[in-house]
Amino acid sequence: MSNELFERAPIHKAYFSLTMPVVFSMVLSLVYNMVDTYFIAQTGNTDLVAGVSLCAPVFTFLIALGDILGLGGSSVISRLFGQKRDGDGKRLSVFCFYGALFGGIATAVVLFLLQQPLLSLLGADAETLPYASQYYGWLALGAPFIILSYTPTNLLRTEGFSKASMAGTVLGSIVNIILDPLFIFTLGMGAGGAAIATVLGNLCADLFFVWFLLTRSQKLSVNPAGFHISASEIRQIFVIGIPSSVTNFMQSIGIALTNRFLLVYGNDKVAAMGIVLKINMIAVLVLVGFAFGVQPLVGYNYGAGNSVRLKKVLTFSYQVECGTAVILAAALSLLAKPLMGLFVSDEAMIQTGVVMLRMQQAGMLFVAIVLVTTCTFQAVGNPICAFLLSVSRQGVIFAIVISATSGIAGYNGVLAAQPLSDLLTAALAIVLYRRCLFPELKSASND
């Protein structure tokens with residue numbers, strides 16, 4: 001694909017050409033998540049809904065593992081393409097693909113070995129354990145397919161194939177949506193059926209990505225013939241990939257912590273939060289799509305040493321991200337009650353969810369700032385700043401905040417923990433940006 005898009009196209013054209021397919025794929029992924037939650041909620045079994053919600057950190061953990069090679073590899077490869085080192089980029093893409101595949105197999109084995117202690121750690125009790133076990137077991141079996149799907153979908157964007165990346169995600173989501181009611185209700189498989197549909201959706205996405213890489217890509221590959229890689233190159237991928245994956249891993253920690261602090265107030269609170277977090281993804285996934293979609297453009301221009309264009313890209317990115325965050329937060333807050341009503345009919349649970357959802361939206365502007373800044377540090381190869389932000393919002397800062405606020409304000413403190421953590425992490429992001437990247441961009445603008 002021509003370098004016109006990365007080097008010379010107007011900023012808004014390059015930005016939306018790369019980000020909109022990612023945003024659209026995120027929206028389709030969101031639709032799948034919403035439909036999945038809808039069908040699970042329609043069972044009318046609160047313990048089943050809570051059991052599946054308790055396993056949400058396992059799924060985000062698998063995504064985090066996929067991001068190690070997906071985001072780490074795409075960061076390094078996009079900079080190599082900016083330096084006109086296409087052959088090196090192709091070699092590294094082979095390593096990322098097979099690393100994700102075999103890493104997924106190893107993860108599946110570990111998950112099966114640790115099933116009981118992990119479910120206990122996640123908060124499964126006598127009522128929710130049967131459902132959590134069903135969902136967990138199928139997720140563990142499908143771990144290789146889930147982890148693998150997050151590698152090529154990121155790598156393809158480094159070559160400008162955002163639409164192909166989107167197509168694979170869309171395919172997986174559609175398969176998932178079609179299979180959900182079949183497995184959950186028709187075959188009577190309940191929570192296990194929802195997990196099977198998820199795994200098969202990811203498998204179909206994997207097959208599409210392999211086909212595309214074999215037949216359409218010129219700069220990326222899955223052919224191991226003649227492959228070699230140095231320890232230094234592996235380190236470059238992991239030094240960015242691990243901090244990148246920590247964002248999703250911390251999301252797992254954040255969900256698990258929230259569930260644990262809510263358990264003392266009843267399984268109905270955990271079930272309500274499970275639905276709320278899926279609705280909240282309407283805003284989060286759109287913001288993630290814009291933030292991650294522009295990474296190849298940031299990485300390419302940073303690798304090419306074009307700091308003037310890089311500054312313009314980042315300015316436009318913050319403007320779009322923050323404006324979108326405000327609009328989505330306002331919309332979800334206003335529509336909180338009807339959105340909850342789509343999933344449950346119990347009035348008490350609806351009211352509980354409305355308060356939870358509005359509290360989540362209070363920090364959405366800060367989430368936007370954190371996402372763009374984190375993705376920027378990942379794209380330019382700054383692992384320390386990327387890592388600090390990745391472990392903060394739903395990790396270190398969140399753990400400290402929820403422990404403090406729950407002790408001070410009880411149940412309301414648990415709900416307030418996330419927006420307060422978002423605010424504090426956004427403040428950290430601004431400090432890191434001004435110290436680590438702003439001086440370089442300011443110098444470029446004065447040249």
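Okay, so before anything else: what we have here is a predicted model. I'll go through the helix contacts, then the rings, then a couple of residues I picked out.

Let's start with helix 7, residues 129-141, and helix 11, residues 190-215. Their axes are 7 Å apart, and the packing angle is about 20°. That makes helix 7 roughly parallel to helix 11, since anything under 35 degrees gets that label. The crossing of helix 7 and helix 11 is right-handed.

Who's touching whom? On the helix 7 side you've got Tyr131, Gln134, Tyr135, Trp138 and Leu139. Helix 11 answers with Ala191, Gly192, Ala194, Ala195, Ile196, Thr198 and Val199. Sort the residues of that contact by class and you get 9 nonpolar, 3 polar and no charged.

Now over to helix 13, residues 267-293, and helix 17, residues 347-361. Here the axes come within 9 Å, and they cross at roughly 45°. So helix 13 is oblique to helix 17. The crossing of helix 13 and helix 17 is right-handed.

The list of residues for this one is as follows. Helix 13 brings Asp268, Lys269, Ala271, Ala272, Met273, Val276, Leu277, Ile279, Asn280 and Ala283. From helix 17 come Met349, Thr352, Gly353, Met356, Leu357, Gln360 and Gln361. By class, the contact of helix 13 with helix 17 has 10 nonpolar, 5 polar and 2 charged residues.

Right, on to the rings. How many aromatic pairs does the structure hold? There are 15, and I'll show you two of them. For a pair of aromatic rings, the description comes down to the distance of the centres and the angle of the planes.

One is Tyr15 with Phe290. The ring centres are 6.0 Å apart and the planes sit at 10°, so this pair is stacked. Tyr15 is in helix 2, residues 11-41, while Phe290 is in helix 13, so the pair ties together parts that are 275 residues apart in sequence. And are these two buried or exposed? Tyr15 is buried, with a relative accessible area of 1%. Phe290 has a relative accessibility of 7%, so Phe290 counts as buried too.

The other pair is Phe161 with Phe212, and this one is edge-to-face, 5.0 Å centre to centre with 75° between the planes. Phe161 sits in the loop between helix 9 (152-158) and helix 10 (162-186), and Phe212 is in helix 11, 51 residues apart. Both Phe161 and Phe212 are buried. They also belong to one aromatic cluster, together with Phe208, Phe209 and Trp211.

Last bit: two single residues. Take Ser78, which lies in helix 4, residues 56-82. Its relative accessibility is 1%, so Ser78 counts as buried. What is Ser78 in contact with, leaving aside neighbours within four places in sequence? That would be Thr158, Pro296, Gly299 and Tyr300.

Then there's Lys84, in the loop between helix 4 and helix 5 (86-113). Have a look at the backbone there: phi of Lys84 is near 65°, a positive value in a residue other than glycine. Lys84 has a relative accessible area of 49%, so we call Lys84 partly exposed.

That's it from me.

Conventions
Residues numbered from 1 in each chain as written. Predicted model: local features only at pLDDT ≥ 70, side-chain atom pairs only at ≥ 80, totals over all residues. Heavy atoms only, no water. Axes fitted to C-alpha atoms, helices over the stretch in contact; angles between N-to-C directions. Helix = DSSP H or I, 4+ residues; strand = E, 2+ residues; numbered from the N terminus. Parallel < 35°, antiparallel > 145°, perpendicular 65-115°, else oblique. Left-handed = near helix turned anticlockwise from the far one by under 90°. Contact = heavy atoms within 4.5 Å. Nonpolar A, V, L, I, M, F, W, Y, C, P; charged D, E, K, R; others polar. Phe/Tyr/Trp six-rings, centres within 6.5 Å; stacked < 30°, edge-to-face > 60°. Buried < 20%, exposed > 50% of the residue type's maximum accessible area, 1.4 Å probe, protein only.
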